[in-house]
Amino acid sequence: MSANVRPTNQRKAFPPDLPEGLKPRLRLFLSVDLVGSTAFKQSRQEWLPALLNFYRDFDQIIHGQYRSFRQRSNAYVAAPEFWKSNGDELLYTCDLVTRAQAVEAIHVWLSALSAYRCDLATLSEDLDVKSTAWIALFPAPNAEVFFRRGDLQFRSDVAEDAIMLQAEMRDQWYSGKGRQDLIRDFVGPSIDTGFRLSSWASPRRLILSADLAFLLTSSYVTADEPLPLHFSGGQKLRGVVDEQPYPMIWLPVGAGQRVDVRDEGIGRRLADPDLLRSFCEAIIEQNYKVFTPLFLDEELDDESDFGWAPPYIINRIIADWHAEKRQKLVA
């Protein structure tokens with residue numbers, strides 16, 4: 001985002017002993033949800049195979065589309081990683097390091113949605129999929145949280161302090177040792193916003209968060225295949241940005257077999273990238289404590305909006321690390 005005075009090379013402000021799990025990471029989150037599944041399950045006794053096929057087939061397709069992308073492109077983007085299921089919804093995430101990776105990851109996701117929808121159309125006319133995408137910055141303003149599997153033991157002084165227990169599990173996770181004993185989850189304002197946005201998604205509209213749209217529109221100059229972003233005004237999103245109007249930004253996707261519901265917005269002209277970017281930027285700046293500050297680890301020129309992190313994020317991370325060290329000394 002723009003700023004009148006921008007800190008120089010803030011990345012060097014981090015202590016050299018900062019744990020890996022406290023280093024800033026920008027993550028893309030992707031949701032795919034079965035449409036019509038409730039009625040499908042209510043109308044027949046043999047509904048479980050269809051759900052299990054969804055879990056298996058979509059996962060195979062997304063990884064297959066990712067492999068195809070890597071084979072035909074020199075560009076690198078992290079593979080989508082399964083996060084969790086939420087009933088009939090599958091959630092994936094991947095780290096973003098450059099602006100271009102956000103565009104590439106969305107193209108991979110769109111290809112997977114299209115391929116899965118083609119397969120689904122041959123199996124059932126009663127089911128379709130809808131999708132949502134958003135970004136979140138960690139470890140602030142969002143956070144990773146960890147849970148123990150089974151009866152994993154920690155020292156009593158650590159186990160009695162919730163913050164220290166989380167720090168211990170975080171360090172274990174990022175060391176790569178004993179990950180099988182832990183479960184990782186993600187929480188925070190950006191995660192809540194993503195789940196709220198999913199209520200706007202439809203088989204024809206892949207909904208995007210405003211900060212992700214800002215990131216994607218800023219990548220048009222380098223993207224070989226710009227994404228056809230649409231804008232349908234603003235609506236209140238319960239609990240988000242003080243319930244001020246939130247921009248409905250979306251990508252058109254196929255409607256599969258479910259063509260019974262008309263979507264008047266599909267025929268609208270594409271949003272002007274510069275105007276949409278400016279609109280999103282204004283909303284982000286007005287609510288900068290809630291939206292994801294964009295922190296991407298790419299070497300960019302002085303005019304870039306992305307090669308820095310806001311000072312309040314850096315200060316919060318360092319303060320958390322110092323608090324952890326003080327707690328360890330006391331223990």
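1. Let's start with T217, which is found in helix α7. Helices here are DSSP runs of H or I with at least four residues, strands are runs of E with at least two, and both are numbered from the N terminus. T217 is buried, with a relative accessible area of 6%. Buried means under 20% relative accessible area, exposed means over 50%, and partly exposed is in between (1.4 Å probe, protein chains only). The side chain of T217 reaches the backbone oxygen of F214 at 3.0 Å. Not counting residues up to four places away in sequence, T217 touches L229, P273, L276 and R277. A contact is a pair of heavy atoms within 4.5 Å.

2. A word on what you are looking at: this is a predicted model, in which local features need pLDDT of at least 70 and side-chain atom pairs count only at pLDDT 80 or more, while totals for chains, interfaces and linings use all residues. Residues are numbered from 1 along each chain as its sequence is written, and side-chain values use heavy atoms, with hydrogens and water left out.

3. Now the overall picture. The protein chain has 9 helices and 9 strands. Of its 331 residues, 49% count as buried. Among contacts in the protein chain with a separation of 6 or more, 77% are between residues 24 or more positions apart.

4. At 1.5 Å a residue, its 14 residues (273-286) should span 20 Å, and its end C-alpha atoms are 20 Å apart, which agrees. The expected span is 1.5 Å times one less than the number of residues. A handy rule to keep in mind: an α-helix has 3.6 residues a turn, so residues three or four places apart point the same way.

5. Helix α2 passes the length check as well: its 25 residues reach 36 Å from first C-alpha to last, close to the 36 Å expected at 1.5 Å a residue. Its buried residues are L51, F54, D57, F58, I61, I62, G64, Y66 and F69. The cover over these buried residues includes β1 (25-35), β3 (89-96), α3 and β4 (128-138).

6. Next, the aromatic rings. The structure holds 19 aromatic pairs. Rings of Phe, Tyr and Trp (its six-membered ring) pair if their centres lie within 6.5 Å; planes under 30 degrees apart count as stacked, over 60 as edge-to-face and the rest as tilted. The rings of F58 and W109 have centres 5.2 Å apart and planes at 70°, so this pair is edge-to-face. F58 lies in helix α2 (residues 48-72) and W109 in helix α3, so the pair ties together parts that are 51 residues apart in sequence. F58 has a relative accessible area of 0% and is buried; W109, also at 0%, counts as buried. Ring pairs link F54, Y55, F58, F82, Y92, W109 and Y116 into a cluster.

7. Which rings have a charge over them? The charged end of K41 sits over the ring of W47, 5.5 Å from its centre, and R205 lies over the face of W250, at 4.1 Å from the ring centre. Such a charge is NZ of Lys or CZ of Arg, within 6 Å of the ring centre and within 35 degrees of the ring normal.

8. Finally, take a look at D185 in strand β6 (residues 182-187). At 17% relative accessibility, D185 counts as buried. The side chain of D185 makes a polar contact with the side chain of W83 (2.9 Å). A polar contact is a pair of N or O atoms within 3.5 Å; within protein, one must be able to donate a hydrogen and the other to accept it, and residues adjacent in sequence count only if both atoms are side-chain atoms. Leaving aside neighbours within four places in sequence, D185 is in contact with W83, K84, A143, E144, V145 and F147.
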